[in-house]
Amino acid sequence: MKQKNEQIHTRKLLTCLLIGLIGVLGLVCLYYGSSFAPGSRRSDDTGSRLDGSDPVFGGSSRNRDLVELLDEQGHYLEFPKSIPICDIKYSELIPCLDRNLIYQLKLKPNLEVMEHYERHCPPPERRYNCLIPPPKGYKIPIRWPASRDEVWKANIPHTHLAEEKSDQHWMVVDGEKIKFPGGGTHFHDGADKYIVGLAQMLKFPGDKLHNGGSIRTVLDVGCGVASFGAYLLPLDIIAMSLAPNDVHENQIQFALERGIPSTLGVLGTKRLPYPSRSFELAHCSRCRIDWLQRDGILLLELDRLLRPGGYFAYSSPEAYEQDPENRKIWNAMYSLLKRMCWKVLVKRGQTVIWAKPLSNSCYLKRDPGTRPPLCSSGDDPDASWNVSMKACITPYSAKMHKEKWSGLLPWPQRLTAAPPRLEEIGVSAEKFHEDTKIWHFRVIEYWKQMKSVIQKNSIRNVMDMNSNLGGFAAALKDKDAWVMNVAPIKMSARLKIVYDRGLIGSVHDWCEAFSTYPRTYDLLHAWAVFSEIEDRGCSAEDLLIEMDRILRPDGFVIIRDKQSVINYIQKFITALRWDGWLSEVEPRTDALSAGEERVLIARKKWTDGFMTI
């Protein structure tokens, strides 16, 4: 009887242990399913990391999480040994700008206001959990500066623009290459001559459009293949060249392949993902935009983005043709801009240049009821992620109205000077300068790590996935590269500082795909990005696959994050084929460090002209 009771007791004990083990495994699966599994999400109601954080870093270290505990105990879920390659038909996939998705989801976008060119991201169950392959015959891109004028045809096997725009000298097919003579719809003789003409119209010294460094950031809407932006670069002017994924669908792909700062976007119904007062000049050369629609809402969006006294250079038939239809459009546009207090500075040939007012004085003198109205005091002009445009004028702050200028120094002094708008985000000049020094040191250390494998001019297109105050990009000033500074949505208020330093960037939610073509960046820098999306319940694996999509073969990723995140990512390196070269170090602790950090640098593998599969 005693033996029988012992057997029963043993069975009960084993049963309890088994149930307990199942419960623990269930909790582990639930945690990983919500935190890292592709296509799954947790609620965004999770407490923000910004509470009580340092104003420069914007976050604070968390208590040890389950990943760390599993690391210590040696327990891991099964990680993929490989990630499948997508079908070759997806070689140019842009997940959130995929028009096939609109049809599949039976969405009803308003075509008249360009909603079909705006972002529509796939739900989790429709995401492609595979690696985007390059097109057949793909080659490592031609290096800058030669790439400004020619690219490999195999990399972007589309020649319809060369045929359609042959009389405008956009691009020419020449054997295995596509060449760019520098022409455009309104500058057939070359963008360089056209840019000199704009400077002459404005009577700038030496016919230089930079005007002694006072013009640094430019928005070029409907940019084509971005030759205007390409020829601004020798003047130390950087343009955000913008165009939609429309009938000329590969124009931005060509621009990025050339190494020219550019991005996909459209003036539709949503604000562009940039803060207010970001650009000294907006440019439209035959951009085919109906500026009069919806009470001038698109011109009002340009108004939001231009700095005090900013210019709008407009080259279009409405500016010079004398037929009744173009005269009607011109008169209506002139009337609207006059009510917005813009002035025509000069009109010559095919181009007119307007200037925005320096203060609120003109707005205050308008008759009551004049349209467009001023925006309400409750409107945040810097809110730009998934925010609808507003048909109202954004007035200046009391300080900017009084001073009648942006308060910015000329380029290049503004890169390292503390901008006035720092006080709007609660950061002192001392913290700003400390941030600049720290990133200068960090970038030196990054390049030391990569010294043995990095080649001359091999890094041109760079993305900083968490730009903060722009310190990383500022530290690259002596390298022949440009940086797309990305402000995650919780840090979007800081993007204005990036622009005030004379740099460019965009707000973005890293729980979604970025608006760019595959294989467009040579280097991705991710500082605390994975920790941020983990806090929001988004998938780290999804983000790794997205980073692979936009990274060029032979390109580098620099991931700086807490130890547990780096340990997790390490398990995907082989599956992602990022093991062309690998380095992991423990960096020196500095004022921006959030607890124990590690730096992982990996290189995307490229072998025999095709991705190793």
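In strand E3, Lys179 is the bridge partner of Val172. E3 (residues 177-179) pairs with E2 in the antiparallel sense over three bridges. Pairing requires at least two DSSP bridges between two strands. Strands (E, at least two residues) and helices (H or I, at least four) are DSSP runs, numbered from the N terminus.

The open sheet has three strands in the order E1-E3-E2, with antiparallel pairing. Strands E1 (150-152) and E2 (172-174) stand at the edges with a single partner strand each, so one side of each lacks a neighbour in the sheet. Neighbouring strands are turned by 30 degrees against each other on average, direction ignored.

## Basis of the model

This is a predicted model: local features need pLDDT of at least 70, side-chain atom pairs count only at pLDDT 80 or more, and totals for chains, interfaces and linings use all residues. Residues are numbered from 1 along each chain as its sequence is written, and side-chain values use heavy atoms, with hydrogens and water left out.

## Salt bridges

The structure holds 32 salt bridges, each a side-chain nitrogen of Lys or Arg within 4 Å of a carboxyl oxygen of Asp or Glu. Lys179 forms one with Asp174, the closest N and O atoms being 3.0 Å apart. Asp174 is partly exposed at 40% relative accessible area. Lys179 is also partly exposed, at 31%. Buried means under 20% relative accessible area, exposed over 50%, and partly exposed in between (1.4 Å probe, protein chains only).

Asp382 and Lys496 form a salt bridge, with 2.6 Å between the closest N and O atoms. Asp382 sits in the loop between helices H10 (361-365) and H11 (398-403), and Lys496 in helix H14 (residues 495-500), so the pair ties together parts 114 residues apart in sequence. Asp382 is buried at 12% relative accessibility. Lys496 is buried at 5%.

Asp500 and Arg421 meet in a salt bridge at 2.9 Å, N to O. Asp500 belongs to H14; Arg421 lies in the loop between H11 and helix H12 (429-450), 79 residues apart. Both are buried.

## Nonpolar cores

The largest nonpolar core has 144 residues. Such a core is a set of buried Ala, Val, Leu, Ile, Met, Phe, Trp, Tyr and Cys residues joined through side-chain atoms within 4.5 Å. Leu209, Trp291, Phe312 and Phe530 have the most contacts inside it. Beyond neighbours within four places in sequence, Phe530 is in contact (heavy atoms within 4.5 Å) with residues including Leu543, Met547, Asp561 and Ile569. A second, separate core of ten residues includes Ile156, Ala162, Trp170 and Ile178.

Conventions
Axes fitted to C-alpha atoms, helices over the stretch in contact; angles between N-to-C directions.
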